[in-house]
Amino acid sequence: MEPFKNNISPELVRCIGGHIVRHLDGFNRRAFETDILAELETLELKQRAALIAKVMDQHLPDDLGQRFAVLRKMLHPMTEVAFDRGSDEHGIRGWGMMPLGMVVSGCGLNDYEASFALLKEMTRRATAEFDVRPFLDMGQDKALAIMAPWVTDDSVHVRRLVSEGTRPRLPWGLRLKKLVDDPSPTLPLLEALKDDPEDYVRRSVANHLNDIAKDHPDLVAEIAVRWLKDADKNREKLVRHACRSLVKQGHSATLAAFGLNPPEIQVDGPLITTEKVEYGSALGFRIDLTSTGKTPQELVLDYLVHFKKANGSLAPKVFKWTKLTLAPGETVSLARKHTIKPITTRVYYGGTQAVNFRINGRDFGFSEFELVMADAED
């Protein structure tokens with residue numbers, strides 16, 4: 001798979017240089033490209049974009065109006081395109097918006113109206129979700145007042161920006177501490193976008209709510225209850241995605257929003273079928289469930305593997321398993337294998353680990369097993 005950083009490529013640098021020279025008299029294209037290309041290959045994605053933005057800043061006019069005029073003229077005439085549609089001889093779009101957006105956020109904080117007008121145009125050709133955040137951080141009310149009318153914009157990218165750009169904890173983005181502490185200013189925007197015709201927008205709303213849930217779980221549970229009333233399939237999907245972390249955590253109010261009540265069951269397990277697991281093979285376990293309730297129960301069954309850390313403590317990781325309906329007095333037996341193999345997001349350590357179940361948010365059982373690493377074998 002092509003490394004992500006290669007989206008900010010030498011070809012893109014030359015393309016940007018070619019468009020600046022068309023719209024800026026006296027621009028030294030050779031110096032611009034040389035300064036960037038000498039360092040570009042050693043950098044990762046965001047660093048590459050930041051380098052291009054820094055060198056552009058050195059070459060563009062100091063006057064903000066003139067600077068923004070050049071950037072606007074560089075934009076590709078075709079809007080509403082995906083990231084995989086690259087910049088070309090007609091203009092900059094897609095990943096090329098990343099360094100251009102950095103230029104705007106780096107120099108335009110004293111003129112919100114002009115900056116947001118340009119960022120809106122850039123968003124039509126990709127996204128400015130990272131670039132609106134310094135404005136929100138410095139002047140939240142002013143920025144939100146400009147963005148609020150965009151919830152009805154004809155551009156799917158602009159509508160998505162209203163939700164994605166204001167996420168309190170956007171990955172790779174500046175954390176918006178005021179919205180982390182008090183997310184209420186963005187809730188009317190999410191309300192307006194929850195039934196957007198585009199899944200691209202609705203998914204952003206779900207991710208925004210998932211951000212809020214990390215600091216205000218009860219608030220998101222309340223929103224889930226309200227939004228699930230008379231919800232169509234699209235909104236129900238949005239709410240489920242928004243509440244994914246809370247469901248995994250077993251947040252009772254969120255589970256209740258989905259009709260998942262405290263389970264009335266007898267649990268036998270986890271019954272470990274592979275008490276010694278060789279690294280690269282699979283942990284086997286099963287569970288026997290018996291309903292003790294008087295009515296049918298909807299159950300969501302997850303399992304937690306408690307992996308050993310470098311300091312010897314155990315850290316649980318939640319894994320989705322299955323959903324089932326259990327009739328009064330009914331017993332079911334379920335078995336599962338969980339492969340323990342190399343992955344980029346986890347380092348494994350040999351020794352005692354454990355597994356338990358989470359059913360409708362409540363934890364059951366705790367059974368240990370031994371993980372044997374290859375270098376620990378005799």
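This is a predicted model: local features need pLDDT of at least 70, side-chain atom pairs count only at pLDDT 80 or more; totals for chains, interfaces and linings use all residues.

Q: Let's start with sheets. How do I read one, and what is the strand order in the sheet of five strands?
A: The general idea is that strands of a sheet pair through backbone hydrogen bonds, either parallel or antiparallel. Here, the five strands line up as S2-S8-S7-S4-S5 in an open sheet, and the pairing is mixed.

Q: Which strands sit at the edges of that sheet?
A: Look for strands that pair on one side only: those are S2, covering 276–278, and S5, covering 314–326.

Q: How many bridges join S4 to S5?
A: Twelve, with S4 (residues 297–308) and S5 running antiparallel. To trace one yourself, find leucine 299 and look across to S5, where its bridge partner is leucine 324.

Q: What about the sheet of three strands: what order and pairing does it have?
A: That one is open too, with the order S1-S3-S6 and antiparallel pairing. S1 (265–272) and S6 (331–339) are the edge strands; each has a single partner strand, so one side of each has no neighbour in the sheet. Neighbouring strands here are turned by 15 degrees against each other on average, again with direction ignored.

Q: Now helices. How do I describe two that pack, and at what angle do H12 and H13 do so?
A: Two packed helices are described by the angle between their axes and the distance between the axes. For H12 (residues 199–213) and H13 (residues 217–228), the angle is about 145 degrees and the axes are 7 Å apart.

Q: Which residues make the contact?
A: H12 brings Val205, Leu209, Ile212 and Ala213, while H13 brings Pro217, Leu219, Val220, Ile223 and Trp227. Sorted by class, that's nine nonpolar residues, no polar ones and no charged ones.

Q: Last topic, cysteines. How many disulfides are there?
A: The idea is to look for two cysteine sulfur atoms within 2.5 Å. By that rule, the count is zero.

Q: Is cysteine 15 buried or exposed, and why?
A: Buried means under 20% relative accessible area. Cysteine 15 has 16% relative accessibility, so it counts as buried. Cysteine 243 has 1%, so cysteine 243 counts as buried too.

How values were computed. Residues are numbered from 1 along each chain as its sequence is written. Side-chain values use heavy atoms; hydrogens and water are left out. Two strands pair if DSSP finds at least two bridges between them. Helices (H or I, at least four residues) and strands (E, at least two) are DSSP runs, numbered from the N terminus. Axes are lines fitted to C-alpha atoms, for helices over the stretch in contact, and angles run from 0 to 180 degrees between N-to-C directions. Contact means heavy atoms within 4.5 Å. Ala, Val, Leu, Ile, Met, Phe, Trp, Tyr, Cys and Pro count as nonpolar, Asp, Glu, Lys and Arg as charged, and the others, Gly among them, as polar. Buried means under 20% relative accessible area, exposed over 50%, partly exposed in between (1.4 Å probe, protein chains only).
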